[in-house]
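Here is a short report on side-chain contacts and helix geometry. Keep the sequence and the 3D view open while reading.

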Amino acid sequence: MMANTETKVLTAHIPLPLADRVDQIAARLERSRGWIVKQALSAWVDLEEERNRLTHEALADVDAGRVIDHQSVQAWADSLGGDNPLPPPTIP
C-alpha cells in the first residue's frame, strides 16, 4: 500500500455481522478498525484494478483473433474424466 499523508473520510453502512468480524480481527492483530478497513479496501481495489486490466487484455486478444473455439475447449473438458485426456487446446 502506498504511503500518503493526505486522507479522506469515507462513510459506509456495514452489516453488523461484518462489523463484528472486523472488530475481532482488529483486536487479534492489535490494530485499529480503521487500519483493518484500509487494508481490506486497498486489497480489494488492487484486485479490481487487476481484473479490469486482464479484461482489457482478453478483449484485445479477441479483437486480434487470438481465441480458441468453444468446441475445442468442450472436447478437451469432456476428455478430462476419461482414461485418455486430450492435451489442452492452443490458439491456432
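## Salt bridges and helices

Glutamate 48 and arginine 51 are separated by about one helical turn, because they stand three residues apart in helix H2. The two side chains form a salt bridge, with the closest N and O atoms 3.2 Å apart. Glutamate 48 is partly exposed, at a relative accessible area of 33%. Arginine 51 is partly exposed too, at 48%. The model is predicted.

How many salt bridges does a search of the whole structure find? It finds five.

| Salt bridge | N to O distance |
|---|---|
| Arginine 33 – aspartate 23 | 2.7 Å |
| Glutamate 48 – arginine 51 | 3.2 Å |
| Arginine 53 – glutamate 50 | 2.7 Å |

Take arginine 33 and aspartate 23, whose side chains meet in a salt bridge. Arginine 33 lies in helix H2 and aspartate 23 in helix H1, so the pair ties together parts that are 10 residues apart in sequence. Arginine 33 counts as exposed, at 52% relative accessibility. Aspartate 23 counts as partly exposed, at 29%.

Arginine 53 and glutamate 50 sit within helix H2, three residues apart, or about one turn. Arginine 53 has a relative accessible area of 40% and is partly exposed. Glutamate 50 is partly exposed as well, at 35%. A network of salt bridges links Glu50, Arg53 and Glu57.

Now the helices. Does the end-to-end distance of H1 agree or disagree with its residue count? H1 has 14 residues, which at 1.5 Å a residue should span 20 Å; its end C-alpha atoms are 20 Å apart, so the two agree. Glutamate 30 follows H1 and has a positive phi, near 55°.

Helix H2 covers residues 33–63 and includes aspartate 46. Aspartate 46 is partly exposed, with a relative accessible area of 48%. Its C-alpha atom is separated by 34 Å from that of leucine 80, which is 34 residues away along the chain.

The structure holds zero aromatic pairs. The ring of tryptophan 35 does have the charged end of arginine 31 over it, 4.1 Å from the ring centre.

On the surface, Leu10, Leu41, Trp44 and Val45 form a nonpolar patch, with about 400 Å² of accessible area together. Leucine 10 comes from the segment before helix H1 (16–29). Leucine 10 is exposed, at a relative accessible area of 65%.

Methods: Residues are numbered from 1 along each chain as its sequence is written. This is a predicted model: local features need pLDDT of at least 70, side-chain atom pairs count only at pLDDT 80 or more; totals for chains, interfaces and linings use all residues. Side-chain values use heavy atoms; hydrogens and water are left out. Patches are made of residues with over 30% relative accessible area and no salt bridge: like charges are joined within 9 Å, nonpolar side chains (Val, Leu, Ile, Met, Phe, Trp, Tyr) within 5 Å. Accessible areas come from the Shrake-Rupley method with a 1.4 Å probe; for residues, only the protein chains shown count as cover. A salt bridge is a side-chain nitrogen of Lys or Arg within 4 Å of a carboxyl oxygen of Asp or Glu. Helices (H or I, at least four residues) and strands (E, at least two) are DSSP runs, numbered from the N terminus. Buried means under 20% relative accessible area, exposed over 50%, partly exposed in between (1.4 Å probe, protein chains only). Rings of Phe, Tyr and Trp (its six-membered ring) pair if their centres lie within 6.5 Å; planes under 30 degrees apart count as stacked, over 60 as edge-to-face and the rest as tilted. A charge sits over a ring if NZ of Lys or CZ of Arg is within 6 Å of the ring centre and within 35 degrees of the ring normal. The expected span of a helix is 1.5 Å times one less than its number of residues.
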